Amino acid sequence: MQQEKSKEDHSRLFNITAKDLTAGNRRLVEVPYTATLSHAMNTLVANSISSLPVAAPPGHWIGAGGSMIMESDKQTGAVRKHYIGILTMLDILAHIAGGEHNLSDPTDLDRKMGSQVSSVIGHCLEGLSLWTLNPSTTLLECMEVFSKGIHRALVPVESSIESSNTISGVELVESSSAYRMLTQMDLLQFLRDHHFDDLKDVLSRSISDLRAVNESVYAVTASTSVSNAIKSMKAALLNAVPIVHAPEVAEEDHLQLINGRHRKVIGTFSATDLKACRLLELQAWLPLSALEFTEKVSGNERETVSCTEEATMEEAIEKVVTRRVHRVWVVNHQGLLKGVVSLTDIIRSIRAALL
């Protein structure tokens, strides 16, 4: 009986599709290519999300990465719009901090926030990766895509390409009357909320045993300015960095990323922190250090999300899902940094263990 139950659970887990994973997700939140950064940021803040697909009229643009992801009329099949890329919080931050300018000059920020989103997409590489997942893509196939560092994909509510029945997995060409977004976080939340017997064994193992810990971890110091932190993160394609106690480093190390290992973590500087930030506040806080900025944004609740290498995978998932963060800093018992576990690392290592 027990064996049959585990077989049934096994097939249940392996029969989950992208359609199931997005069933409860709301309609896609997007912006037109003509929207200003200011409008886009308000949309991100209002919906508490960190990225937005950008839509344009068909036939005028090359989609990000050569993609052709279209929204079409359900009745006639006529193409209404073309998704040309993704705008992230890091794109907005990088645009604000880019170039030579005075961060405390209000007219400069107003001018930058008045830019069209189409001119800002792809400041950071992530904005140039726009993917769709066919609704019939299995959970394991979704995990394979997300374990390669793709953070999100559009899932058509009904795919016009489904007729072939053979296509599942990640696509660059799609047409549908509507889409939903599937993110790495959605997938992990789904696994957390549905207690699959098949996963119990994997989730009870430690993150180090599952080889989920990435020991290469870049950081900024308590004295690094917001603009230097943003420029460094953009160059290294990082959405967040730990802020570490490093009083002994050379002056120029406050201007760039340093090796964070074996240093004490005192905070996290993350592009998604901006979700809690209105434009006027942003104006006043940009000239601060990254540490002061995070204290302003998060008020007094600046507890760093961290764990030790002995933490179970279940504990790591619980931390990222409940705290809505995209990584957990791994520290030793003295609180010194040993590495990082990102959502990509979590998904990659669970998939490897399941296979």
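Biologist: How do you know how far the coordinates can be trusted?

Modeller: This is a predicted model, and the mean pLDDT of the chain is 84, with 86% of its residues reaching 70 or more. Over residues 4-8, however, the pLDDT is below 50, and this stretch has two contacts in the model beyond near neighbours in sequence. The pLDDT also stays under 50 over residues 162-166, for which the model has three contacts beyond four places in sequence. Where pLDDT is low, the predicted coordinates should not be read in detail.

Biologist: What makes up the chain, and how much of it is buried?

Modeller: The chain has 13 helices and 16 strands, and of its 355 residues 50% count as buried. Among contacts between residues at least 6 apart in sequence, 71% join residues at least 24 apart.

Biologist: How many aromatic pairs are there, and why is the pair of Tyr83 and Tyr179 called edge-to-face?

Modeller: A search of the whole structure finds three aromatic pairs. The ring centres of Tyr83 and Tyr179 are 5.7 Å apart, which is within the 6.5 Å needed for a pair, and their planes stand at 90°, which is over 60 degrees, so the pair is edge-to-face. Tyr83 lies in strand S4 (residues 79-88) and Tyr179 in strand S9 (residues 179-183), so the pair ties together parts that are 96 residues apart in sequence. Both Tyr83 and Tyr179 are buried.

Biologist: What makes Phe269 and Phe293 an edge-to-face pair as well?

Modeller: Their ring centres are 5.6 Å apart, within the limit of 6.5 Å, and their planes meet at 65°, which is over 60 degrees, so this pair too is edge-to-face. Phe269 belongs to strand S13 (residues 264-270) and Phe293 to helix H11 (residues 290-298), so that the pair links distant parts of the chain, 24 residues apart. Phe269 and Phe293 are both buried.

Biologist: Why is Thr312 counted as buried?

Modeller: The relative accessibility of Thr312 is 19%, and buried means under 20%, so Thr312 counts as buried. Thr312 lies in the loop between strand S14 (306-307) and helix H12 (313-323). Leaving aside neighbours within four places in sequence, Thr312 is in contact with Leu203, Ser204, Arg205, Ser206 and Ile207.

Biologist: How do you know whether Ser175 and Ala316 are buried or exposed?

Modeller: Ser175 has a relative accessible area of 17%, under the cut-off of 20%, and is therefore buried. Ser175 is found in strand S8 (residues 173-176), and its C-alpha atom is separated by 5.6 Å from that of Glu71, 104 residues away along the chain. Ala316, in helix H12, has a relative accessible area of 2%, which is also under 20%, so Ala316 is buried. Ala316 touches Ile207 and Val328, not counting residues up to four places away in sequence. Ala316 and Ile207 are 109 residues apart in sequence and 7.8 Å apart in space, C-alpha to C-alpha.

Biologist: What makes up the lining of the second largest pocket?

Modeller: This pocket holds about 190 Å³ of space, and its lining includes His194, His195, Phe196, Lys200 and Glu314. Helix H7 (184-193), helix H8 (197-203) and H12 each supply at least two of the lining residues.

Biologist: Why is Arg211 called exposed, and what is its phi?

Modeller: The relative accessible area of Arg211 is 69%, and exposed means over 50%, so Arg211 is exposed. Arg211 is found in the loop between H8 and strand S10 (218-221), and has a positive phi of about 55° although it is not a glycine. Leu237, in the loop between helix H9 (226-236) and strand S11 (240-245), likewise is not a glycine and has a positive phi, of about 60°. Most residues other than glycine have a negative phi.

Note on methods
Residues are numbered from 1 along each chain as its sequence is written. This is a predicted model: local features need pLDDT of at least 70, side-chain atom pairs count only at pLDDT 80 or more; totals for chains, interfaces and linings use all residues. Side-chain values use heavy atoms; hydrogens and water are left out. Rings of Phe, Tyr and Trp (its six-membered ring) pair if their centres lie within 6.5 Å; planes under 30 degrees apart count as stacked, over 60 as edge-to-face and the rest as tilted. Helices (H or I, at least four residues) and strands (E, at least two) are DSSP runs, numbered from the N terminus. Buried means under 20% relative accessible area, exposed over 50%, partly exposed in between (1.4 Å probe, protein chains only). pLDDT is the predictor's confidence in each residue, from 0 to 100. Contact means heavy atoms within 4.5 Å. On a 1 Å grid over the protein atoms alone, a cavity is a set of points where a 1.4 Å probe fits but cannot get out, and a pocket is an open set with protein on both sides within 12 Å along at least five of seven lines; lining residues have an atom within 4 Å of a point. Grid points are joined across faces, edges and corners, and a volume is the space filled by probe spheres set on the points.
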